[in-house]
Amino acid sequence: VRVVLAEPSPPLLERVAVALEQAGYVVEAFEDGTGAYAACMHLRPDVVIAATAMPGMDGWNLLRSLGANPRLDSVPVVFISDDTSDMTRLQAYRLGVRDYITRPFIEEELVIRVGRLIVGSGHGPGESTMLSGAIGEITLPTLLSLLDFERKSGILLLVRDGEAARVFVADGRIVKIEATDHAVP
């Protein structure tokens with residue numbers, strides 16, 4: 001999932017980018033809306049996160065520019081703002097912002113909000129995916145690394161010589177293994 005991030009404060013830009021990357025997103029970070037818009041034009045992102053106040057093209061103009069482009073008008077936009085007034089938030093929602101978060105905020109909250117937007121698009125944790133195939137074609141450590149990286153949840157069923165084991169995975173982490181009649185915490 002590709003996120004374009006526009007935030008004029010270098011320390012906040014870095015903190016948010018790192019938090020999103022640790023959550024498994026590919027992040028392109030910019031200190032202004034002009035660079036963010038150029039990145040969107042080059043390759044359509046899955047989400048745009050933009051500060052309302054930035055030098056050059058601010059978040060409001062970035063939102064309008066995205067909305068005026070038929071290829072980008074459906075990209076969800078999240079605003080970061082210092083303005084806590086209900087009227088400003090309402091104006092943002094009227095213009096098409098999908099979420100509005102005020103400073104100060106915890107990076108994890110922003111990551112959760114972005115995740116909720118992604119779930120509706122079919123790219124994130126809410127999607128239903130079935131993986132199947134011969135384990136001989138991919139090593140188990142590679143498969144587990146993939147599940148961890150993608151933060152997948154589900155049950156991995158391993159079958160060999162009439163014996164079966166179930167590996168329960170939540171957010172990419174093994175939480176329980178059941179083999180034959182034995183449960184391993």
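Contact means heavy atoms within 4.5 Å. The exercises below concern a predicted model, in which local features need pLDDT of at least 70, side-chain atom pairs count only at pLDDT 80 or more, and totals for chains, interfaces and linings use all residues. Residues are numbered from 1 along each chain as its sequence is written, and side-chain values use heavy atoms, with hydrogens and water left out.

**Exercise 1. The chain as a whole**

Determine how many helices and strands the chain has, what percentage of its residues is buried, and what share of the contacts joins residues at least 24 apart.

Solution.
- Step 1: Helices (H or I, at least four residues) and strands (E, at least two) are DSSP runs, numbered from the N terminus. The chain contains six helices and nine strands.
- Step 2: Buried means under 20% relative accessible area, exposed over 50%, and partly exposed in between (1.4 Å probe, protein chains only). Of the 185 residues in the chain, 38% are buried.
- Step 3: Among contacts between residues at least 6 apart in sequence, 49% join residues at least 24 apart.

**Exercise 2. Helix α2 and its packing against α3**

Identify the residue that caps the N-terminal end of α2, the residues of α2 that are buried, and how α2 and α3 pack.

Solution.
- Step 1: The cap is Asp32, with a side-chain oxygen 3.1 Å from the backbone nitrogen of Thr34.
- Step 2: Gly33, Gly35, Ala36, Tyr37, Ala39 and Cys40 are the buried residues in α2. They pack against β1, β2 (26-30), β3 (47-51) and α3.
- Step 3: Axes are lines fitted to C-alpha atoms, for helices over the stretch in contact, and angles run from 0 to 180 degrees between N-to-C directions. The axes of α2 (residues 33-42) and α3 (residues 59-68) are 9 Å apart, at an angle of about 20 degrees. The two helices are therefore roughly parallel (under 35 degrees; over 145 is roughly antiparallel, 65 to 115 roughly perpendicular, the rest oblique).
- Step 4: From α2, Gly33, Ala36, Tyr37 and Cys40 meet Leu62, Ser65 and Leu66 of α3. These contact residues comprise five nonpolar, two polar and no charged (Ala, Val, Leu, Ile, Met, Phe, Trp, Tyr, Cys and Pro count as nonpolar, Asp, Glu, Lys and Arg as charged, and the others, Gly among them, as polar).

**Exercise 3. Helices α3 and α4**

Describe how the axes of α3 and α4 cross, and state which residues Thr88 contacts.

Solution.
- Step 1: The axes of α3 and α4 (residues 86-95) come within 11 Å and cross at roughly 20 degrees, so these helices are roughly parallel to each other.
- Step 2: Trp60, Leu63 and Arg64 of α3 meet Thr88, Gln91, Ala92 and Leu95 of α4. The contact residues divide into four nonpolar, two polar and one charged.
- Step 3: Thr88 is buried, at a relative accessible area of 14%. Apart from neighbours within four places in sequence, Thr88 contacts Trp60, Asp83 and Tyr100.

**Exercise 4. The surroundings of Glu7**

Locate Glu7, classify Glu7 as buried or exposed, and find the polar contact of its side chain.

Solution.
- Step 1: Glu7 lies in the loop between β1 (2-6) and α1 (10-22).
- Step 2: The relative accessibility of Glu7 is 2%, so this residue counts as buried.
- Step 3: Not counting residues up to four places away in sequence, Glu7 touches Leu12, Leu13, Phe30, Glu31, Ala51, Met54, Ile80 and Arg103.
- Step 4: The side chains of Glu7 and Arg103 make a polar contact at 2.5 Å (a pair of N or O atoms within 3.5 Å; within protein, one must be able to donate a hydrogen and the other to accept it, and residues adjacent in sequence count only if both atoms are side-chain atoms).
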